[in-house]
Amino acid sequence: MITMAAVDSFHLLYGEISRSCSVYLEALALVGAWYAVRKCVSLAIDTYSMLRLHFIPKLVSKIDLVKQYGKWAVITGSTDGIGKAYAEELAKRGVNIILISRNKEKLEALSKSISETYKVETLFIVADFSKGREPYPAIKEALKDREIGILVNNVGIFYPYPDYFTSLSEDILWDMINVNIASANMMTHIVLPGMVEKKKGAIVNVSSASCCQPTPMLTAYGASKIYLDYFSRALQYEYASKGIVVQSLTPFVIATKMSSYSSITSKRSFFIPSAEEYASHAVSTLGLSTRTTGYWRHAIMFTLGEHLPEWIWAWFAMYFYRSVRKEALNAK
Ligand SMILES: NC(=O)c1ccc[n+]([C@@H]2O[C@H](COP(=O)([O-])OP(=O)(O)OC[C@H]3O[C@@H](n4cnc5c(N)ncnc54)[C@H](OP(=O)(O)O)[C@@H]3O)[C@@H](O)[C@H]2O)c1
């Protein structure tokens, strides 16, 4: 008897609670439905943007970069890796090329090879961006009276391998500031007035996906890259109405000399393109997106990275780069 009474009162209580909760449950169901619709719409928009940016330009005829931006492109850090591949990709599209790096012999050879292969005019400037204010007067003089349509602020340095901040030398820290940050400011300051006068031009700043979230073990490098990202985005707001396109490129790892510090990052793979593959994709996004990784596989990784809680991103970076550091130290 007692048990049955207990069961009856439980049913009664349950019925009462369900009745009074049904309003809340309906409200919760509405919130859930709204959230699901928002997520679906945003996924559909992201998928469309990715197709528009990374696949459709490969299918339709390519934009005439000379007509759109101007006759000449200046690429900093252009004798190796991404800079070299960018120079070749732009030359392939009929743009005359001005190469800037430190090594005269490499510059001479590449300049000759680009002009012979792609039948465009080429020039080169020997400059070391780690030397503070020193290289800019000569660069300004050499670029005077040229119709610069595209500036690719590509030059950048990295550490010998990922490391703790206090293990970095003072020289590396100053070089990082001069090469990764100051060069983009000064080159843009030299070239942008001419673009504004002609009401057309494009500035591409090669940042990095390490700016996606704070990246430990790459602290100074990552910070220099978020500088470039913010620099590009703010500049775009200032100059878009004057006909200038400013693009922030935020790639993940690309197989170049810079990424040769580890056996994982030095080899081409599904997520690690060669510099040539990367440049061919990234150049086709110019004028279509002001902030992109430049490569669709990296775009997937970047979207995931941006949505991770910061502590997971930082934990993963610590774990991965500490093991890469260990590998580099063992190989010494
Ligand atoms: N590789 C990656 O995984 C990756 C990922 C994200 C972003 N990025 C960024 O992409 C850019 C290019 O990287 P990369 O991998 O192509 O580098 P890289 O293969 O090391 O090439 C660097 C280029 O810069 C030149 N250079 C280096 N120091 C210089 C200086 N002080 N003054 C003038 N030129 C200098 C080098 O030529 P000389 O030695 O002949 O001067 C070379 O042509 C960098 O800004 C980097 O941060 C790279």
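## A buried loop residue

Is M217 buried or exposed? M217 is buried, because 22 other C-beta atoms lie within 10 Å and the cut-off for burial is 20 or more. The model is predicted. M217 sits in the loop between strand 5 and helix 7. Its phi is positive, about 75°, although M217 is not a glycine.

K199 also has a positive phi. The value is near 60°, again in a residue other than glycine. K199 belongs to the loop between helix 6 and strand 5. K199 is exposed, because it has 9 other C-beta atoms within 10 Å and the limit for that class is 12 or fewer.

Strands of a sheet pair through backbone hydrogen bonds, in either a parallel or an antiparallel sense. In this model, strand 2 (residues 96-101) pairs with strand 3 in the parallel sense over five bridges. Across that pair, S101 stands opposite V126 in strand 3. Strand 1 and strand 2 are also parallel, with five bridges. There, T76 faces I100 of strand 2 as its opposite residue.

Strand 2 is mostly covered, with six of its six residues buried. The cover extends to both faces. N96, I98 and I100 are buried on one side. I97, L99 and S101 are buried on the other.

How many residues of strand 4 are buried? Six of the six are buried, so strand 4 is largely enclosed by the rest of the structure. Strand 4 pairs with strand 1 in the parallel sense over four bridges. In that pairing, I75 stands opposite V152 in strand 4. Strand 4 also pairs with strand 5, parallel and over four bridges. L151 is opposite I203 of strand 5.

## Helix 7

Helix 7 (residues 219-239) has 21 residues. From its first C-alpha to its last, helix 7 reaches 30 Å. That is close to the 30 Å expected at 1.5 Å a residue.

The buried residues of helix 7 are Y221, G222, S224, K225, L228, F231 and S232. What do these buried residues pack against? Their partners are helix 6 (170-198), strand 5 (201-206) and strand 6 (244-249).

## The ligand shell

The ligand is surrounded by 30 residues. The closest are G77, G81, R102, G156 and M258. By class, the shell holds 12 nonpolar, 13 polar and five charged residues. Which element gives the largest share of the shell? Helix 3 (residues 81-92) does, with three residues.

M258, one of the closest residues to the ligand, lies in the loop between strand 6 and helix 8 (275-283). M258 counts as partly exposed, because it has 19 C-beta neighbours inside 10 Å and burial needs 20 or more. Leaving out residues up to four places away in sequence, M258 touches G81 and F158. G81 is also among the closest residues to the ligand. M258 and I82 are 176 residues apart along the chain, yet their C-alpha atoms are separated by 9.9 Å.

P309 is found in the loop between helix 9 (296-307) and helix 10 (310-331). P309 is exposed, because 9 other C-beta atoms lie within 10 Å and the limit is 12 or fewer. P309 and Y321 are 12 residues apart in sequence. In space they are 18 Å apart, C-alpha to C-alpha.

Terms used:
Residues are numbered from 1 along each chain as its sequence is written. This is a predicted model: local features need pLDDT of at least 70, side-chain atom pairs count only at pLDDT 80 or more; totals for chains, interfaces and linings use all residues. A residue is near a molecule or strand if its C-beta atom, placed from the backbone, lies within 6 Å of it. Helices (H or I, at least four residues) and strands (E, at least two) are DSSP runs, numbered from the N terminus. Ala, Val, Leu, Ile, Met, Phe, Trp, Tyr, Cys and Pro count as nonpolar, Asp, Glu, Lys and Arg as charged, and the others, Gly among them, as polar. The expected span of a helix is 1.5 Å times one less than its number of residues. Two residues are in contact if their C-beta atoms, placed from the backbone, lie within 7 Å. Two strands pair if DSSP finds at least two bridges between them.
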